[in-house]
Each structure stands twice: as structure tokens, then as C-alpha cells.
Amino acid sequence: MADIVTAAMVVIGDEILSGRTKDKNIGHLADMMTAVGIDLREVRIVADDEDEIVAAVNAVRARYDYVFTTGGIGPTHDDITADSISKAFGVPCEYEPRAYAMLEANYASRGIEFSEARKRMARMPRGADLIVNPVSVAPGFRIGNVHVMAGVPSIFQAMLDNVMPTLRTGAKLLSTTVQCPYGEGTIGGPLGEIQKAHPDTIIGSYPKYLDGTFWTELVVRSRSQEAMDAARIAIETMLADIAKAA
């Protein structure tokens, strides 16, 4: 069995918690992680508060192989992610020479002042590596196992595309679906016993409703084809037994 590689995400921003901005990055990261065999195990959403960001990042970076943050790396006063990550790692937050030069050249080419606010986007923890931003130039950064990226979905996705080739990947999670005509109240007990008997699988139960009809989708996930197939057969046998007893 290949190594299991894990990840967590910290979404930063008052605008997410207030509902003014609807997050689109969690689902995209989950899709990308699943595609390469990395388990996204946890997502935290925190306010623009340094202590909260530090606590969240330190908690998840100690538990998972990779951490991805979004939001708070722009030019305004409430963009405090770089300072917070620096504090989490116990290093100074300072201008990164390559980032500074890229931003300075970009604004000069456009005839725009490289103001103190815009210079803030070149600040990052000492020792961090740049994450290239092909959309709007201002880079993200990586320090340790933490990848810090923009919250704007198009920029986040472009940055993530540049990060993906650098990640260690794991065995992909296989899945199969069994359509169940019964509600969860009917199958809950026996399904729980099947899960116990097949510990190398993850069995999910998802109620569905359409056009006046209820049913349940039972999804079996595993990194082992053999284990997944065995659990699926057990579920199909359970459903056949329920039908016979009806």
C-alpha cells in the first residue's frame, strides 16, 4: 500500500464568514487533491485576526503533510496573512527581493505608482519560496509545508496549478456506488455492521429525493480494489436480504 498523503486548508477572511463572499476554492482544492491521491482531511475558516490565523495554521501544519491557505495577501490593511504566517513560524516578515523586483517592474511597465500599499504584496516570511502568479503577478509563497495563496478563485487556481507538480502524491482513493431503494432508517444498522467488517473501506450513505421518490446512494471508497469489491458485495447481499424479507 502506498503512503497516505494528507492535506488541510485554512480559508482566511471576514468576508467569507460574513457571507459577502462565497468561497469557491474549497471544492476546487478538494477536486485537485483527490485527483492525485492526496486526502484533504480538514478545512478551517478563520477571520482576519492574527492570533486566530497563527493558531489555525500551527494546528494543521503539525498534523498534515500539506497546508494550503487562501486570502489575505493583498495590499490593504486587513491583508495580514504574511505577517501571521511569519509569526506562526517565528521568523521576520520582510520584503522578498525577487517578489519586490517583479512587482516593481510590473507597475513601472504599466505606468502605475509602486506605492507602499502595493509593496506590501512583496512581503513574506524570511526563507519563503515564491509561488508564481501568472494572472496578476503578485506571488504567493511556500514556507515549510504551508502554501499561501490568493483568495480570488482564478488566481488561486493558477497558483495551485504551479504548486501541484511539487507535491508528493499518494495512492488514489477508488470508489463505487450502490443504488439503494431503502431509507437510512432501514439500512442503518446492517450498514454499520458492514463498515465494521470492512475496516479498509469508507462507506458513505447519501439520501436522495427526486420527483416524489426517495432512495439512498451508498458509496464505498478504498485504496484497495479487493477491499472495495468485498464491501460492495456485502452491501448488495444486505439489500437482497431486505428485499426477500419485505
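Contact here means heavy atoms within 4.5 Å. With that in hand, let us walk through the structure. The model is a predicted one, in which local features need pLDDT of at least 70, side-chain atom pairs count only at pLDDT 80 or more, and totals for chains, interfaces and linings use all residues. Residues are numbered from 1 along each chain as its sequence is written, and side-chain values use heavy atoms, with hydrogens and water left out.

Leaving aside residues up to four places away in sequence, Phe-68 touches Ala-7, Ala-8, Met-9, Val-10, Leu-29, Met-33, His-147, Met-149, Leu-160, Val-163 and Leu-167. Phe-68 also belongs to the largest nonpolar core, which has 50 residues. Such a core is a set of buried Ala, Val, Leu, Ile, Met, Phe, Trp, Tyr and Cys residues joined through side-chain atoms within 4.5 Å, where buried means under 20% relative accessible area with a 1.4 Å probe, protein chains only. Val-10, Met-33, Phe-68, Phe-141, Met-149, Leu-160 and Leu-167 touch the most other members. Strand S1 gives the most to this core, with 7 residues; strands (E, at least two residues) and helices (H or I, at least four) are DSSP runs, numbered from the N terminus. Apart from this core lies another, of 14 residues, including Leu-218, Val-220, Ala-231 and Leu-239.

Two of those residues lead us to Thr-201, in the loop between helix H8 (184-197) and strand S10 (202-210). Why does Thr-201 count as buried? Its relative accessibility is 6%. Beyond four places in sequence, Thr-201 touches Gln-195, Val-220, Arg-221, Ser-222, Ala-227, Met-228 and Ala-231.

On a 1 Å grid over the protein atoms alone, a cavity is a set of points where a 1.4 Å probe fits but cannot get out, while a pocket is an open set with protein on both sides within 12 Å along at least five of seven lines; lining residues have an atom within 4 Å of a point. Grid points are joined across faces, edges and corners, and a volume is the space filled by probe spheres set on the points.

The largest pocket holds about 530 Å³. It is lined by 35 residues, of which Gly-71, Gly-72, Ala-150, Gly-151 and Val-152 are the closest to its centre.

The search of the whole structure finds 1 cavity of 30 Å³ or more, and the largest cavity has about 90 Å³ of space. Gly-72 and Phe-141 are among the residues lining this cavity, and helix H4 (81-89) gives the most to the lining, with 3 residues.
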